[in-house]
There are 2 protein chains.
Amino acid sequence: MATGRNHRPATRSRGIPEATVARLPLYLRALTALSERSVPTVSSEELAAAAGVNSAKLRKDFSYLGSYGTRGVGYDVEYLVYQISRELGLTQDWPVVIVGIGNLGAALANYGGFASRGFRVAALIDADPAMAGKPVAGIPVQHSDELEKIISDNGVSIGVIATPAGAAQPVCDRLVAAGVTSILNFAPTVLSVPEGVDVRKVDLSIELQILAFHEQRKAGDGGEAAAPAASAPADGGAGTASAGAESAGRKGPDGDMPAVMPA
Amino acid sequence: MATGRNHRPATRSRGIPEATVARLPLYLRALTALSERSVPTVSSEELAAAAGVNSAKLRKDFSYLGSYGTRGVGYDVEYLVYQISRELGLTQDWPVVIVGIGNLGAALANYGGFASRGFRVAALIDADPAMAGKPVAGIPVQHSDELEKIISDNGVSIGVIATPAGAAQPVCDRLVAAGVTSILNFAPTVLSVPEGVDVRKVDLSIELQILAFHEQRKAGDGGEAAAPAASAPADGGAGTASAGAESAGRKGPDGDMPAVMPA
DNA sequence: TCCTGTGAACGATTTCACAGCC
DNA sequence: GGCTGTGAAATCGTTCACAGGA
C-alpha cells in the first residue's frame, strides 16, 4: 500500500485515520454482499469476520464515522452501505483514464469491479499508434497525443498508469499538468509529483518479495511450522538459517558476501 | 497492504518490523539501479530519495539488518544489494504458480520483474480445458486437475491467485492442501487459511476507493488546494461538503439516507 | 567534517475492557 | 442480556537529534 504523500497533518477534527480509510472499502464489500442476500442487520462480530478483521477494530473504525448502529442489535446493512459509500465519495461517479494498454492495462479495463462502484473508465490511452482505435473491453484505445484533451474534456481527476517503468514518470507529469490529482501506479517506479497530488502504488514484485521473506523464515526457523505435504523447495534447503560465524566484531548478524553474486 | 495473519508475536530478538520488511524491496530496486550504473557507494540521503522515503527511516530500517555502511562515507552498493537480497530470501529461487490465466493472469505471466528477482514461474494453471496447452508468455497452460501434482513435483510454496472471486477460496484450499504456504491474492475476496499460511492481497478497486476518498476531500475542503488546469468533474461539484443540518441529536455528522440508493 | 547508527520523543494504530443503551 | 461506542492502555512505527567512528 503506501501513499505517495502524507495526507494533511491529521490535525483536522473531522479527520478519519488513514488506516481506517483503507479498511472502509473492505467493510463496504462485505456489506454489499450481505445486502444482496437481503440481510437486514449485522453485528460487529459478524461483519468483522466477513471483512477479515477483528470486531474491536471495526467498531473503532465506525466510531470515526458517527454513531450508526444500535446497541444490543447491530448495524442496519443498507444504511451502513450508504454511509460508507458517501464517506468514500462513491455516491458520485469518478471518470478514470487508464494509460498503457498492454496486458495489464487490458486486464484493468476488463476488470468488472471497476465500473461497479462509482468508477467509470472514461478512456484508454496508449502510445502505440497501432493500438489506436482498437477496442479493448468495448472501449476504443486512443493515442497518447490526445491525453490532455481527454483529461480536460471529461474532467478526469484520477489516472491509472500501467505503462512500462520507463514511461511512467513522463506520463505522470502529463497527467498532473492536465489536471489529474490522484494516480494509481502499477509501474515499478517511484513517481515524483507536486504537493497536493496523491499517488498509490501497486507492485507485484514487492508483494512477492515480502512473501518470500516470510516463507524463508518458516523454513529456517527451527520450528518447521505447519508445512503439510511435500513443501521443501526442490533443491537446496530454504535458508538453512544462521548457522555461522558471528565473525570479527562489527557488521551484520550472518553471512559475508560470496564470490558469486546472484545476478 | 494487509497481511492475512500477524507474523509471530514479535517477541523474537531477531525480528525485523513488518513495516521495514515492506520497504526492503524498494531499497533493493533503487540499489539495483545504482549497481547497473556502476555507482560504488551511496549515502542514506541519496538512496532514500531514490526509494521515495526519508533518510532517517532508511537508516533505522538498515539498523535492524546490521551495521552495513561506513560513517562519513555511506553504503557500498554491491554489498548492500547482497545483504538485502539475502535477508529477503532472494538468493534462492522460488518456484511460483499462477492460477487463473485470464487477462490478469496473462499480464502477471508476462511481467518481467517476476523472473528477474528470484522468482520463477513454474506453471500456469487454468480451469478452462480450452486453455490447456496454449502457451502464455512461453509457458503452456495446464489444466487445474494437475494442480496438486504440479505443486508437489516442483516444490512450490508460493501461489498467485488471479481467478474470479468465486473460484478463489476453493483454489486457495487446494493450494494449501497441496503444500503452498504463501499466497498472493488478486481476487476481490477475503481468503480464509489455516494458521501458518500467509496471504497478501492486491485489490485494484480498494486502491481506487482510497484515492476517491482523498480526491473528494480535496474538492470540498474549503481550501481548493493545488488544482491545476481544468479539474472540476464534468457535472455536479465534487462533494460540495458538509453544508447541512447537524439534525436531531445522535447519528453521524452529515447527510441522512436519500430515497434513491446508488445501486 | 561528513554521514551512519541509535536512544528517546512523538505520533498513529490496535487492543482491552467496560459503561451505556436497546 | 446482548451489543455498540469509547476512554485508556499497550503496541507499533516514525521522526528527532546527536554521539561516535571514518
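**DNA surfaces and the sheet of chain A**

In the predicted model described here, helix α3(A) contributes the most to the surface near DNA strand D, with 5 residues, where helices (H or I, at least four residues) and strands (E, at least two) are DSSP runs numbered from the N terminus. This is a predicted model, in which local features need pLDDT of at least 70 and side-chain atom pairs count only at pLDDT 80 or more, whereas totals for chains, interfaces and linings use all residues. Residues are numbered from 1 along each chain as its sequence is written, and chains are lettered from A and ligands numbered from 1 in the order in which they are written.

DNA strand D is surrounded by 28 residues, of which Ser44(A), Gly69(A), Gly72(A), Pro17(B) and Gly72(B) are the closest; a residue is taken as near a molecule or strand if its C-beta atom, placed from the backbone, lies within 6 Å of it. At least two residues of this surface near DNA strand D come from each of α2 (44-51) and α3 of chain A and α1 (18-36) and α3 of chain B. Divided by class, the surface near DNA strand D holds 9 nonpolar, 11 polar and 8 charged residues, with Ala, Val, Leu, Ile, Met, Phe, Trp, Tyr, Cys and Pro counted as nonpolar, Asp, Glu, Lys and Arg as charged, and the others, Gly among them, as polar.

Around DNA strand C there are 27 residues, and those that come nearest are Pro17(A), Arg71(A), Gly72(A), Gly69(B) and Gly72(B). Two or more residues of the surface near DNA strand C are given by each of α1 (18-36) and α3 (55-65) of chain A and α2 (44-51) and α3 (55-65) of chain B, and α3(B) gives the most, with 5 residues.

An unreviewed UniProt entry places the feature "DNA-binding region" at residues 26-65 of chain A; UniProt positions are given in the numbering used here, feature names are shortened, and annotations may be inferred rather than shown by experiment. Over residues 26-65 of chain A, the chain is 75% helix and 5% strand, with its end C-alpha atoms 15 Å apart.

Chain A is divided into domain 1 (18-88) and domain 2 (94-205), with bounds that come from an automatic or database domain assignment, and the C-alpha centres of the two domains lie 31 Å apart. Chain A also has an open sheet of 7 strands in the order β5-β6-β4-β3-β7-β8-β9, with mixed pairing, two strands being paired if DSSP finds at least two bridges between them. Its edge strands are β5 (135-136) and β9 of chain A, each of which pairs on one side only.

Within this sheet, β7 (residues 158-161) and β8(A) run parallel and are joined by 4 bridges, with Val160(A) standing opposite Leu184(A) in β8(A). The chain passes from β7(A) through helix α8 (residues 165-178) to β8(A) in a right-handed β-α-β crossover, that is, one whose path from the first strand over the helix to the second runs clockwise with the strands pointing away from the viewer. Strand β8(A) also pairs in the parallel sense with β9 (residues 198-201) over 4 bridges, and Arg200(A) in β9(A) is the bridge partner of Leu184(A).
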